[in-house]
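Me: Can you walk me through this one? I have some questions as we go.
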Protein chains: 2
Amino acid sequence: MPKVTDAYLEARKQQVIEAAATCFSQRGFHQTTMQDICKQAELSPGAVYRYFESKEDIIAAMVDERRREGVGLVEAITSRTEDTLSALDEIAKAFFSRLEDPQGCALDIELWAEAQANPRIRESLRVDMADVNATLTEFLRRAQERGEMNPALDAKSISQVMESFFYGLILQRSVDPSIEVWPYVSVIKAMMGGTFWQQRSQEGE
Amino acid sequence: MPKVTDAYLEARKQQVIEAAATCFSQRGFHQTTMQDICKQAELSPGAVYRYFESKEDIIAAMVDERRREGVGLVEAITSRTEDTLSALDEIAKAFFSRLEDPQGCALDIELWAEAQANPRIRESLRVDMADVNATLTEFLRRAQERGEMNPALDAKSISQVMESFFYGLILQRSVDPSIEVWPYVSVIKAMMGGTFWQQRSQEGE
DNA sequence: CAAAAGAGAGGGAGCGTTCGTTTTTAAAAA
DNA sequence: TTTTTAAAAACGAACGCTCCCTCTCTTTTG
């Protein structure tokens with residue numbers, strides 16, 4: 001009879017996940033201790049273990065949360081924006097605005113490393129990346145059909161290169177945060193604009 | 001009087017570093033134990049600790065080794081090849097051939113994660129990446145001066161984008177090894193060719 | 001033969017996790 | 001409303017285990 005609301009339980013879970021995310025981004029998965037997470041969450045070990053079975057369970061929950069956040073992004077934009085150029089612009093803006101969150105970037109990098117040896121995380125990440133890539137690829141393919149983009153290039157590969165623009169900058173900025181985003185983006189625009197659309201190759205920037 | 005040759009000592013050190021690299025690429029830095037490394041190197045803990053003061057010391061030594069390997073690469077190519085296009089081709093070939101080494105790629109990813117929380121590794125990596133970027137930037141700048149490339153774009157940013165081509169593919173292939181390199185490279189070539197050189201924008205691939 | 005090199009059991013610390021206890025909760029009883 | 005009550009939730013000391021590293025002893029070396 002004395003049972004707290006589901007919302008309360010959910011809030012506690014969130015509390016742990018957020019605390020874990022903070023710790024993980026600062027010290028990495030395997031260097032943060034349960035004590036670290038407990039202290040950050042202001043909860044005792046006993047309480048934390050009511051909500052998660054193990055440390056690995058917390059990692060996985062945190063990954064799934066980040067996954068849910070990111071996946072719908074490209075889908076939402078490509079489905080509501082019909083103009084190719086402005087859709088790509090929006091996608092770029094959405095992706096690169098994630099660079100403003102250093103904790104999120106640090107977690108992403110930590111995640112890539114963890115995925116190497118942890119099949120559970122690896123599979124989560126694989127599905128996530130495959131989803132994003134499939135959506136983007138389909139969008140580019142339609143643009144090619146409409147004659148807006150060079151049809152000689154493999155749409156899937158183009159998506160992969162576009163994703164690399166983003167992943168690569170995350171990595172480089174994680175080592176040297178002084179790297180400016182804007183000049184980097186203008187190079188991308190020049191590359192995209194000059195190659196994909198059959199128009200004059202010089203557009204300024 | 002009973003002292004083994006310096007070459008012998010050096011060989012033992014190498015033996016440990018290589019064993020560590022194997023373990024690290026399979027299980028990650030913090031999940032491989034000293035016992036793992038000892039077993040892989042076929043040496044006892046006592047022997048290993050004659051050559052390295054700590055586990056962290058082994059990690060750092062391994063990083064420095066990889067660093068030395070990679071740094072001279074771009075420098076060698078840009079200094080000996082005067083033709084811009086063929087130099088870029090060679091650089092691309094050199095970089096992407098590193099993808100053939102899955103252990104090396106896994107180590108790189110592990111390293112990026114480790115650099116987040118480990119200042120010693122971070123600094124190593126930062127210097128390394130800055131060196132490569134500086135060499136590539138200087139090369140591109142000269143090409144711009146010669147009028148071979150669009151001078152409106154920031155050479156340093158172009159270098160960073162080019163590095164992203166490589167880093168991004170390492171990451172994507174670490175999660176999904178079935179990704180093909182060749183179609184990816186042909187997209188890069190289209191992007192580079194169409195934008196940087198002032199010539200007809202359509203070249204096939 | 002004496003010093004260097006290697007072996008490997010074990011110390012000490014710290015980790016993830018458990019579990020007996022205490023506190024809080026919300027419904028039932030007064 | 002106020003009091004009671006029993007289950008849920010939280011606490012935190014401590015367990016067992018594993019890890020890094022040391023230290024003594026043995027083997028190898030020139």
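Me: What about α1(A) and α4(A), at what angle do they pack?

Reply: The angle between α1(A) and α4(A) is about 95 degrees, with the axes 10 Å apart. That makes α1(A) roughly perpendicular to α4(A). On the α1(A) side the contact uses A:V16, A:I17, A:A20 and A:A21, and on the α4(A) side A:I58, A:A61, A:M62 and A:E65.

Me: How does the contact of α1(A) with α4(A) divide by class?

Reply: There are 7 nonpolar residues, no polar ones and 1 charged residue in the contact of α1(A) with α4(A).

Me: Let's stay with A:I17. Buried or exposed?

Reply: A:I17 is buried, because 21 other C-beta atoms lie within 10 Å and the cut-off for buried is 20 or more. A:I17 lies in helix α1 (residues 6–27) of chain A.

Me: And what is A:I17 in contact with, neighbours within four places aside?

Reply: A:I17 is in contact with A:I58, A:A61, A:M62 and A:E65. Take A:A61: it is 44 residues from A:I17 along the chain, and their C-alpha atoms are separated by 7.3 Å.

Me: Next pair. How do α1(A) and α6 of chain A cross?

Reply: The axes of α1(A) and helix α6 (residues 102–117) of chain A cross at roughly 70 degrees and come within 8 Å. That makes α1(A) roughly perpendicular to α6(A). In α1(A), A:A21, A:T22, A:F24 and A:S25 meet A:Q103, A:A106, A:L107 and A:E110 of α6(A). The contact of α1(A) with α6(A) has 4 nonpolar, 3 polar and 1 charged residues.

Me: Stepping back, how many helices and strands does chain A have?

Reply: Chain A has 9 helices and 0 strands. Its C-alpha atoms fill a box of roughly 70 × 40 × 30 Å along the principal axes. Of the 205 residues of chain A, 39% count as buried. Among contacts in chain A with a separation of 6 or more, 56% are between residues 24 or more positions apart.

Me: Which residues have the most contacts inside the largest nonpolar core?

Reply: They are A:A20, A:I109, B:A20 and B:I109, in a core of 106 residues.

Me: What does B:I109 contact?

Reply: Leaving aside neighbours within four places in sequence, B:I109 is in contact with A:W112, A:A113 and A:Q116 in chain A, and with B:I170, B:L171 and B:S174 in chain B.

Me: On to the contact between the chains. How many residues from chain B and from chain A?

Reply: The contact takes 49 residues from chain B and 49 residues from chain A. On the chain B side, the elements giving two or more residues are α1 (6–27), α6 (102–117), α7 (119–145), α8 (155–175) and α9 (181–196). α8(B) gives the most, with 14 residues. By class, that side has 24 nonpolar, 17 polar and 8 charged residues.

Me: Where does B:D154 lie?

Reply: B:D154 is in the loop between α7 and α8 of chain B. B:D154 counts as buried, with 20 C-beta neighbours inside 10 Å. Not counting residues up to four places away in sequence, B:D154 touches A:P183 and A:V187.

Me: Last topic, confidence. What does the pLDDT of chain A average?

Reply: The average for chain A is 91, and 93% of the residues score at least 70.

Me: Where does pLDDT stay under 50 in chain A?

Reply: Over residues 198–205 of chain A, for which the model has 10 contacts beyond four places in sequence. Where pLDDT is low, the predicted coordinates should not be read in detail.

Definitions and conventions: Residues are numbered from 1 along each chain as its sequence is written. Chains are lettered from A and ligands numbered from 1 in the order in which they are written. This is a predicted model: local features need pLDDT of at least 70, side-chain atom pairs count only at pLDDT 80 or more; totals for chains, interfaces and linings use all residues. Two residues are in contact if their C-beta atoms, placed from the backbone, lie within 7 Å. Helices (H or I, at least four residues) and strands (E, at least two) are DSSP runs, numbered from the N terminus. Ala, Val, Leu, Ile, Met, Phe, Trp, Tyr, Cys and Pro count as nonpolar, Asp, Glu, Lys and Arg as charged, and the others, Gly among them, as polar. A residue is buried if 20 or more other C-beta atoms lie within 10 Å of its own, exposed if 12 or fewer, and partly exposed in between; C-beta atoms are placed from the backbone. A nonpolar core is a set of buried Ala, Val, Leu, Ile, Met, Phe, Trp, Tyr and Cys residues joined through C-beta atoms within 7 Å. pLDDT is the predictor's confidence in each residue, from 0 to 100. Axes are lines fitted to C-alpha atoms, for helices over the stretch in contact, and angles run from 0 to 180 degrees between N-to-C directions. Angles under 35 degrees count as roughly parallel, over 145 as roughly antiparallel, 65 to 115 as roughly perpendicular and the rest as oblique.
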